[in-house]
Amino acid sequence: MSDKDLLNAAHNSVAYINGRVYTVNKTLPWAEAFIVDSNGIFSAVGNTREIVAAAKAASMVVYNLKGRFVMPGIHDAHVHTIVSGSGLLNWAQTGYDVTRDNVVERIKKAACSCAYSHVYEDWIFGGAGFGFENFDRSLLDKDYPDTPVVLLGVGCHDWYTNTAALRRAGYDVEQGEVDPIGGKHELRPDGSLTGELKDQAGNRLMAALPKPAKAHIKRVVKRAIVEMHRHGVTSCQDASSTEMFLTALSELEAEGNLKMQFATHCLYKNEWLTGEIQVPADKLILNADKYQSRHVDTRFVKMMMDGACAPSLMSHSDVDDNGMPDQSKILLPNAAELVQRFDARGMTCKIHCMGYGGARTALDAFKSVREKQPGGPRHEVAHCTRVLPEDYKRFKRLNITAEMSPSGFFDTSQSENMRLFQYDFERMLAEEAHITIGSDWAHGLELPMFRNTAILVKKIGAEKVLEMITLAGAVATRREKEAGSIEAGKVASFICVDRDLTHGDFQNAKVLKTWFEGEVVYDAANELCDGARPSCASCADGGFPCVYEGPLPKGPVKKVRGDLGERLRVIERTLQQLVRNQETTGDRPMQGRLLETQDILQRFILEPKNEAQAQNTEVDTVDGLAAMHSGDVDSRFFGPSSNIRLLNIVSRATSVAFRTARPFDGLNQSILEESITRSQSPIATTAVSTLTSPTSTSPQMLPVESRAVYLIELYFSDTGTMFPFISEEQVLASYYACKDKQFSNIRHSLLCLFNAIFAFATYISAMPGEAITKCATEADIYYHRALAARASGTRGSNDVEQVQSLLLLGLYCQGTQRPEEACTLHGLAVQVALKLGLHSPSRLNQLQGLEREIRKRLWFGCFMMDRTLSMTLGRPPIIQDAHMNLELPLDASLDSLLHTTGQIRKYNETRQTNTSCFFIATLKLYKIMGTVVQKLYGQNLDEEIIEESGVQMQDMFLIEEDLNSWKMGLPEKLLLQPWVNSGSRERPQPPYHPVFARLSVVTQLRYLNIRILLHRPVLSHLLWKRRTRSLERNREKNFREETWNSSVMVCQDSATKIIDIIHCMADSVDLLGAWWYSVYFTFNAALIIFGCILLSLDTRHDTSSPTADLGADPKLFSELTRAIEVTERVGKDAKPARQVLAILTKIVKICLRPETKTSLGTSEGVAIGTSFNPQEPVAPASTCMIDPLESSTQWWGEENLEELGDIVGVDPGLISLMTM
């Protein structure tokens, strides 16, 4: 090669610098930088100074690793590519918890949700769980009499079929079949087949399954490769390679689309695993070399010695008391002969062994071959789940690889059944065996290697595990000279991880980026959908279908407009610099998460709906949110329990962080001063509405009968289930009585109640597919009619109806962001209730049945609304605990009480679900909430109560016990967890019921929100202390650090759970309740998370702080972006949701790392030769991360610091959304 060619080659290389590179090379275990040439080969490995010098000389592109942990790509020693890719693309997945009762429903749902259907012609093929108790084909035959249905069990060793599938495959369904060696046909008492087949009994079934088209097999392979890249796998051993698989690999290789290094183990016999019959059985093995290519090594064979040691199978071969294998379960009695034949061709044999007898028989075969043919290739025993003590030393002696898999079963403490898997890594290492690790990735067996191997770190150490999943795999596949470690001359397949794995935290590790031969093939920051149509970039690159869920975006994404964003610009820059300050201290995991949030954020920047909106920058004074201050402050009071006060504390605490911020890169002082100097905000033009209605509103106007009855029934099937203090039967009876009188002389209180019900039903339930703003417009018509009916007088009024309608109107005002009206209406309801004596036990004892129960529930309804308003607005409660002396409501529906009194159910033929248990549970919970406000927030009598007096920890502990007791006492109906995957639920679930599923979600969200309220004083106190930390530090040293940490973590954990629950349920809005509750919970949780982030950033380097060891969990930043997504999906076009989005977007942008302006800080780098500063600083020692292009800096002026806290002051005119 000429000097010019060498220069061009160097110029086309990429230099990677500033990394923490674990090479898995014992000669040089750690490095900081390396160079990858244009052929995807490491050409140099060293420290940053050396690589930067080489890069300068050749004008290379430079990639700044920014201190992240880098290691060689993972080698997975055991995968099933076709099975796994098909499971992701075209299988009907019924779930691991499928049962006799739900199997048909699951199949129907799963078959319709497959990305690709009819892959197997008219057959339905899918996945099931670990064994199917008492399965019989009759379960499927009724719904699928002619369509073949096959469900594959976890691990791919058992099948569950219907009669049509058995007949298509040629089984004798009625007379049964003779069990083959290593297989079993489950039989009915009469000898006919049940439809359950195990191991070798499935050969005929899988051979009969129609074969997918070649184009689809390529699609499946590409999808599987994408998934492996996502988990950092760059090379693998496919353990069930077939002719159609090798053909697909060859075509992908020829197209230049094969981005994975494969060692393909062609399968000998065992059609049950591949569905492919080879005649003779070794035909493909002997002809595999024609598929050999750059990325496909076909010198490998796979054989099955025995079955599986799963409890439902137990087809593995163990040994007797004399150590002799159980020959009845040995599938390869001629193993030595087969191994010798393939060994002579230089082919590595991987033999599946899951029992003591299987492993011993395989080792005996290898011994026999080595005695006759010494020096052949290294063979493998796959799985090594059960190895006799005396057999461990034979691995090294015979030069056999101990391939340990499935890695997902290494933690045998997961269940009692896992005890069958006896992986002894310590013993294997002590005998110096060569060990590799495989995921056995297939149906039900997980791929993530870091999580799967976390259990091993404590046993054998992180560095040994890292060697097993990288270099050891290269040795096993005869590629140790070209792969497996980061060394000059080896292929540049490597990964970037969010933490230093040598410290041992494998469980939570996340792959940030994967390179295959120098090319980025996976980037976590780009994993989310980019919204391109018809296929997003991620799906297009992966070659799999792109399915969009939810509404299409309307128009281009635009930025938030208005003075608010301009005034917060300086704060964003300041806190961004603070975050960057943290990153330079070595906290690398957070950095990756910060970069990820950028893509998510761009999807949720608010866009004006039309030109008028785009130009309207005034702030609505009644938007229902805690928002940024934008004008004069009114005189309304907001106590410490309100979100207004919380945001104020968070805002003030933020300014303290600015005092410790490092210099800004190239920040212009004039820009700084301009941003800090606030211009006068425009005065809000929307006046606070009052309890009056437009003069044109007529309370006598009612919708047509069909519409009116529909709205009444809709209300009671939705909102009415949560507020059971109105009888549906009585309302319908009253409506029809009015109809009989041609709606003349109707009581005003009844008109008010009708319209309040119509308003609620229209706003929440009547038009689920319509925009929220449209629903609100129509609902407000009914709301104003209700107000007009009440304002027109008290003619013929019923006092109970007045309380009912006032409570409903107050609740409606909570949801439509009229907090002051809600307070006024609630006050009126309490006045009327007191006048009626609803609070008096003796007065109620004079009544009976339905009337007594309604009045009792109305008083409890007043109490619950009072506690809600007290908490959210920070106001002292109106109703004192001493006023609550009534017995709890009955656990019965009001209409059932109506029936027991002898009144006929004439108008409501459908028996409504009794949800009184929810009402009672909420009442008990809100009593606890009232205690929280009283004990920890000083009954909201003073704004500064928490900050000045500290936190009463004893009260907090006692209330926590009350909360736990309340939770333990919840009725079973309210313990459903529809937001949790069935396999992850904490406890067995009661029977599913859609109404109680929804109420369970609401109950859990309320509980978590009140738990935050309970522990929030600690977070607020610590944030407030930041303002005077220099004065109070000595006193802080005496705080009980563990207690403080615990409360902060409770807040953080509860907030995260709230966002996660709503995120999981966002596409099932019928299970979430009214949208504004979800938005409120989400917004409150996001404020808590942001407060935790601020606290952790501030205390990370202060070991004297009570929360110094908390750290900023990178997941918190992800939760903030989730909060944005949740608000956008749930709140849709509602103005309060848009304003929440604006605030959350600002918060996330504050947390984002600023885009580096230097060439080394860009995502892919630029040519150094054109960018180097001749005055570049001298590089520090090789252990430091450097930036040769560090810009000049400038400090914040001390005179500006005091103003920073005021920029995000709170406008009490923009107050919190209400919750029930």
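Predicted model: local features only at pLDDT ≥ 70, side-chain atom pairs only at ≥ 80, totals over all residues.
Local features were taken at pLDDT of at least 70 and side-chain atom pairs only at pLDDT 80 or more, whereas totals for chains, interfaces and linings use all residues. Residues are numbered from 1 along each chain as its sequence is written, and side-chain values use heavy atoms, with hydrogens and water left out.

The structure holds 33 aromatic pairs, where rings of Phe, Tyr and Trp (its six-membered ring) pair if their centres lie within 6.5 Å. Planes under 30 degrees apart count as stacked, those over 60 as edge-to-face and the rest as tilted. The pair of Tyr16 and Phe34 is stacked, because the ring centres are 5.1 Å apart and the planes stand at 25°. This pair links distant parts of the chain, with Tyr16 in strand S1 (residues 14-17) and Phe34 in strand S4 (residues 33-36), 18 residues apart. Strands (E, at least two residues) and helices (H or I, at least four residues) are DSSP runs, numbered from the N terminus. Both Tyr16 and Phe34 are buried; buried means under 20% relative accessible area, exposed over 50% and partly exposed in between, with a 1.4 Å probe and protein chains only. The pair of Tyr120 and Phe125 is tilted, because the ring centres are 5.5 Å apart and the planes stand at 50°. Tyr120 is buried at a relative accessible area of 8%, and Phe125 is buried at 4%. Ring pairs also link Tyr16, Phe34, Phe42, Tyr63, Phe494 and Trp515 into a cluster.

Two arginines lie over aromatic rings: Arg20 over the face of Trp30, at 4.1 Å from the ring centre, and Arg478 over the face of Phe300, at 5.6 Å from the ring centre. The criterion is that NZ of Lys or CZ of Arg is within 6 Å of the ring centre and within 35 degrees of the ring normal.

An open sheet is formed by 6 strands in the order S3-S2-S7-S22-S23-S24, with mixed pairing. Strand S3 (30-31) and strand S24 (519-523) stand at the edges, each with a single partner strand, so one side of each is left without a neighbour in the sheet. Two strands pair if DSSP finds at least two bridges between them. Strand S23 (residues 511-516) pairs with S24 in the antiparallel sense over 4 bridges, and Thr514 stands opposite Tyr522 in S24.

Strand S11 (residues 149-152) pairs with strand S10 (residues 124-127) in the parallel sense over 4 bridges and with strand S12 (residues 158-161) in the antiparallel sense over 3 bridges.

Gln939 lies in the loop between helix H35 (916-936) and helix H36 (945-949) and counts as buried at 17% relative accessibility. Leaving aside neighbours within four places in sequence, Gln939 is in contact (heavy atoms within 4.5 Å) with Arg875, Pro876, Pro877, Gln880, Gly930, Val933 and Gln934. Met1049, in helix H40 (residues 1041-1065), counts as partly exposed at 34% relative accessibility. Met1049 and His1015 are 34 residues apart in sequence and 9.1 Å apart in space, C-alpha to C-alpha.
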